[in-house]
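Biologist: I have a structure to look at and would like to learn how to read its features. Could we go through them one by one?

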Amino acid sequence: MGSRDLISSLPDEVLGKILSFLPTHIALDLSDASGGPLGFPEFVDKTLALLKNSSLIKTFHLNCEHRHEDSRVDGWIRTALELGFLEELRLETVGMYSIETEFFTSNTLVDLTICDGFYPDGRLPPAGGVFFPALKRLSLFSVAFADCAMYDDLVLGCPVLEELFLHYPDDSNPPAWTGDVSSSSIERLTIIHHYPDYREAYEFVSFTTPSLLYLDYSGYVADQYDVDFDSLVEARLDIRPWEAFTDEHDDRSDSEDDDSDSEDDADSFSSWDVTGLVTKISNIKTLHLSSDSLEVFHFYCRSMPVFHNLLTLSFESDKEKGWQVVPLLLNSSPNLETLVIKGLVHKVTNRCGDACICIPKKKKKEEGVPCCLSTCQVKMLTVSGYLGTCRERKQISHFLANLKCLETVKVGVEVDNQQENHVHKRYIGIINALIKLPRVSPNCQIQFF
């Protein structure tokens, strides 16, 4: 029996299942063997037709790398949803295709991803209508919406949604996300929203998410935040300023007391204000901050709340950005146990306080003012990206000399691989130099990774 007869004799459901698992170019060849040459559109038509009455297909990925008829693409999506057993749907395209919302619904779909040129359009369901009653994960990558209310209605039409991912990097199109997330069920929220040429998109950011446990937010600082984070446990913030801060910003408040940094400096600059956001995350247990967020907190937070429940603080350093807010953060975190720092090299400023070694000499001579590190309850310090420079070693020494409760210090050492013959020797030298540093805590052990 020939290969054509072997393939053509298979039940439609089995053949459709086989075709759906194969790489497209191989599946096209197999389709050819089972009944004549097929292009990509014909292949998709045939595969979906074979699977029309199948309960085996749980996942459907459609990636249109070439232009096809709108009605045909819409028909593929509609057919996939009408299978009745679909749990995961991923749509990608390099062109622009509208998705007819009247038929964009499924009672079984759990995971939906829409990328780039696909955009929902058409009639909306009645107020309070449901698109996807079982959907738990929704990911939107640069998705435009024909109607401003479409995004809100799509999210509201997923009543058991647990995870929402919005990825809107700066591109040639105006931002589609309106700055609002409203859902009583969402537990994990990730937003990447970078549009430096559209300040109007950041006038007001609102999160009505009372069940949210995890937040990962990256975007430019907004004029105002109105958020509901009553259940939030962990936050990862990358809040970017609209313009780079200069030494003049710090010089304006150089003569003032460090404890009033956040409040007084913010009044001196602009209307941008993260106070509402920072206040509403004050009950979290884990906080990750980018180097931009450190400066934004310093200049645009009018009053720093007390983080009574904060156990882990993590932040990134950048040689062009300062640590001005670090002393205030540490003083405002009385129960902090773990401090994680990605890179120690940061911009030297006159406002870093005593959390680092770039404190002005006149401040060092002050007596009777305890170092912010000496009152910390930090038990574990993790430093990554350690290159072993003199400045980094002095910073580690400063931590070891002031963190009285330290039990474990983990240091991620990086050695220049361009000098392979000296890598091991250099690595050993860095380790030995750190091990010899004095420690105020008798129980402190240094580990390397």
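Modeller: We start with a definition: two strands pair if DSSP finds at least two bridges between them. This is a predicted model, and in it S206 stands opposite D226 in strand 12.

Biologist: Which strand is joined to strand 12, and by how many bridges?

Modeller: Strands of a sheet pair through backbone hydrogen bonds, either parallel or antiparallel. Here strand 10, residues 205-208, is joined to strand 12 by 4 bridges, and the two run parallel. Further along, T208 stands opposite D228 in strand 12.

Biologist: What is the order of the strands in this sheet?

Modeller: The order is 8-10-12, in an open sheet of 3 strands with parallel pairing. Strand 8 (180-182) and strand 12 (225-228) are the edge strands, each pairing on one side only. On average, neighbouring strands of this sheet are turned by 10° against each other, direction ignored. Strand 8 and strand 10 are paired in the parallel sense over 3 bridges, and S182 stands opposite T208 in strand 10.

Biologist: Let us step back to the whole chain. How many helices and strands are there in the protein?

Modeller: The protein has 14 helices and 19 strands. It has 449 residues, and 46% of them count as buried. The accessible surface comes to about 21200 Å², with 49% of it belonging to carbon and sulfur atoms. Among the contacts with a separation of 6 or more, 70% are between residues 24 or more positions apart.

Biologist: How do I read the side chains along a strand? Which of those in strand 1 are buried?

Modeller: In a regular strand the side chains alternate between the two faces of the sheet. In strand 1 (residues 59-64), F60, L62 and C64 point to one face and are buried.

Biologist: Which strand does strand 1 pair with?

Modeller: Strand 1 is joined by 6 bridges to strand 2 (residues 88-93), and the two run parallel. Together with helix 5 (residues 70-81), strands 1 and 2 make a right-handed β-α-β unit.

Biologist: What lies in the loop between helix 5 and strand 2?

Modeller: L86 is found there. Buried means under 20% relative accessible area; L86 has 0%, so it is buried. Leaving aside neighbours within four places in sequence, its contacts include F60, T59 and I57, as well as A80 and L81. L86 and L56 are 30 residues apart along the chain, and their C-alpha atoms are separated by 8.8 Å.

Biologist: How do I check the length of a helix? What should helix 13 span?

Modeller: Helix 13 (residues 390-402) has 13 residues, so at 1.5 Å a residue it should span 18 Å. Its end C-alpha atoms are 19 Å apart, which agrees.

Biologist: Which residues of helix 13 are buried, and what do they pack against?

Modeller: E392, Q395, I396, H398, F399, L400 and N402 are buried. The buried residues of this helix pack against several elements, including strand 17 (380-386), strand 18 (408-413) and helix 14 (423-435).

Biologist: Where is V409 found, and is V409 buried or exposed?

Modeller: V409 is in strand 18. With a relative accessible area of 1%, V409 is buried. Not counting residues up to four places away in sequence, V409 touches L381, L400, C444, Q445, I446 and Q447. L400 is also one of the buried residues of helix 13.

Biologist: How many residues of helix 10 are buried?

Modeller: Helix 10 (residues 291-300) is mostly covered, with 10 of its 10 residues buried. Among them are D292, E295 and H298, along with L294, V296 and F297.

Biologist: And backbone angles? What is the phi of D116?

Modeller: Most residues other than glycine have a negative phi, and most peptide bonds are trans. D116 is not a glycine, yet its phi is positive, about 55°. D116 lies in the loop between strand 4 (111-115) and strand 5 (118-121), and is partly exposed with a relative accessible area of 39%. S142, also not a glycine, has a positive phi near 55°. S142 is found in the loop between strand 6 (137-141) and helix 6 (148-156).

Key:
Residues numbered from 1 in each chain as written. Predicted model: local features only at pLDDT ≥ 70, side-chain atom pairs only at ≥ 80, totals over all residues. Heavy atoms only, no water. Buried < 20%, exposed > 50% of the residue type's maximum accessible area, 1.4 Å probe, protein only. Contact = heavy atoms within 4.5 Å. Areas by Shrake-Rupley, 256 points an atom, 1.4 Å probe, with all protein chains shown as cover. Axes fitted to C-alpha atoms, helices over the stretch in contact; angles between N-to-C directions. Right-handed = clockwise from strand over helix to strand, strands pointing away. Expected span 1.5 Å × (residues − 1).
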